[in-house]
Amino acid sequence: MVRHGATEWSVSGQHTGRADLPLTELGEDQALALAPLLHHLLDGAEPLVFTSPLVRAARTANLAMAQYVAEPVSLLEEYDYGEYEGLTSTEILARDPDWDLFEGGCPGGESVLQVAARCDAFRAKVERMAAGRAIVIFTHGHLGRILTARFLNLPARAGGSLWNDTATVGIINEHRGRLVMIGWNIRAS
């Protein structure tokens, strides 16, 4: 599970859902730096590669894994923040002090149940297409956290207990018949 490289809004802390922002120069450098890390982690496996179609994730996939064609999957798009698009958490909490993205969602955007349903649909796709294969998923901060929780059979709200910086990797592997997290927020050196 790979979070895209830095964008202007990820640096400023603004919620970037469906706004299709490009990577910054830093984000491009971060994406390129992921290549040797992902190569090492795959250890010779030929993965299936999936990406959100949003430019920041697709560009990260292209730079980090140039030798593969990443399949764009709309299910991997970031949370639709609705009225909170472009706002920082501080700005949102000033409007609604009880707001919790992982419990409710966003007015005018998606609920956490809708995002969890997208994650479950993507997991089902992977189970049909990629049983026993290595997969690499390029996605976004909040979506990646909820997707990880759902792959681990945890409730979507468990994603709130995970943090992933830009251009970091989370690793899920099968162990004794179940999926387990074996690495999180791993950064290229």
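Q: Where do the axes of helix α5 (residues 112-129) and helix α6 (residues 141-151) stand relative to each other?
A: In this predicted model, the two axes come within 9 Å and cross at roughly 60°.

Q: Why are α5 and α6 called oblique to each other?
A: Angles under 35 degrees count as roughly parallel, over 145 as roughly antiparallel, and 65 to 115 as roughly perpendicular, with the rest oblique. The crossing angle is roughly 60°, so α5 and α6 are oblique to each other. The crossing of these helices is right-handed.

Q: Which residues of α5 and α6 meet?
A: From α5 come Val112, Val115, Ala116, Arg118, Cys119, Asp120, Phe122, Arg123 and Val126. From α6 come Leu143, Ile146, Leu147, Arg150 and Phe151. By class, the contact has ten nonpolar, no polar and four charged residues.

Q: How do you know that Cys119 is buried?
A: Buried means under 20% relative accessible area. Cys119 has 1% relative accessibility, so it counts as buried.

Q: How many disulfides does a search of the whole structure find?
A: The search finds zero. Cys106 is in no disulfide, and its nearest cysteine sulfur is that of Cys119, 14 Å away.

Q: Why does Cys106 count as buried?
A: The cut-off for buried is under 20%. Cys106 is at 7% relative accessibility, so it counts as buried.

Q: Which residues of helix α3 (residues 55-64) are buried, and what do they pack against?
A: The buried residues are Arg56, Ala57, Thr60, Ala61, Leu63 and Ala64. They pack against β1 (2-3), α2 (25-42), β2 (48-51) and β4 (135-139).

Q: What makes α2 oblique to α3?
A: Their axes come within 7 Å and cross at roughly 50°. That angle makes α2 oblique to α3, because roughly parallel needs an angle under 35 degrees and roughly perpendicular needs 65 to 115. The crossing of α2 and α3 is right-handed.

Q: Which residues make the contact of α2 with α3?
A: On the α2 side they are Glu28, Ala31, Leu32, Leu34, Ala35 and Leu38. On the α3 side they are Arg59, Thr60, Leu63 and Ala64. The residues of this contact divide into seven nonpolar, one polar and two charged.

Q: Why is Ser12 called partly exposed?
A: Buried means under 20%, exposed means over 50%, and partly exposed is in between. Ser12 is at 39% relative accessibility, so it counts as partly exposed. Ser12 is found in helix α1 (residues 8-12). Its C-alpha atom is separated by 9.8 Å from that of Gly86, 74 residues apart along the chain.

Q: How do you know that Arg176 is exposed?
A: Exposed means over 50% relative accessible area. Arg176 has 78% relative accessibility, so it counts as exposed. Its place is in the loop between β5 (168-175) and β6 (178-187). Phi of Arg176 is near 55°, a positive value in a residue other than glycine.

Q: Why is Asn185 called partly exposed?
A: Asn185 has a relative accessible area of 24%, so it is partly exposed. Asn185 lies in strand β6. This residue has a positive phi of about 55° although it is not a glycine.

Technical notes. Residues numbered from 1 in each chain as written. Predicted model: local features only at pLDDT ≥ 70, side-chain atom pairs only at ≥ 80, totals over all residues. Heavy atoms only, no water. Buried < 20%, exposed > 50% of the residue type's maximum accessible area, 1.4 Å probe, protein only. Helix = DSSP H or I, 4+ residues; strand = E, 2+ residues; numbered from the N terminus. Contact = heavy atoms within 4.5 Å. Axes fitted to C-alpha atoms, helices over the stretch in contact; angles between N-to-C directions. Left-handed = near helix turned anticlockwise from the far one by under 90°. Nonpolar A, V, L, I, M, F, W, Y, C, P; charged D, E, K, R; others polar. Disulfide = S-S within 2.5 Å.
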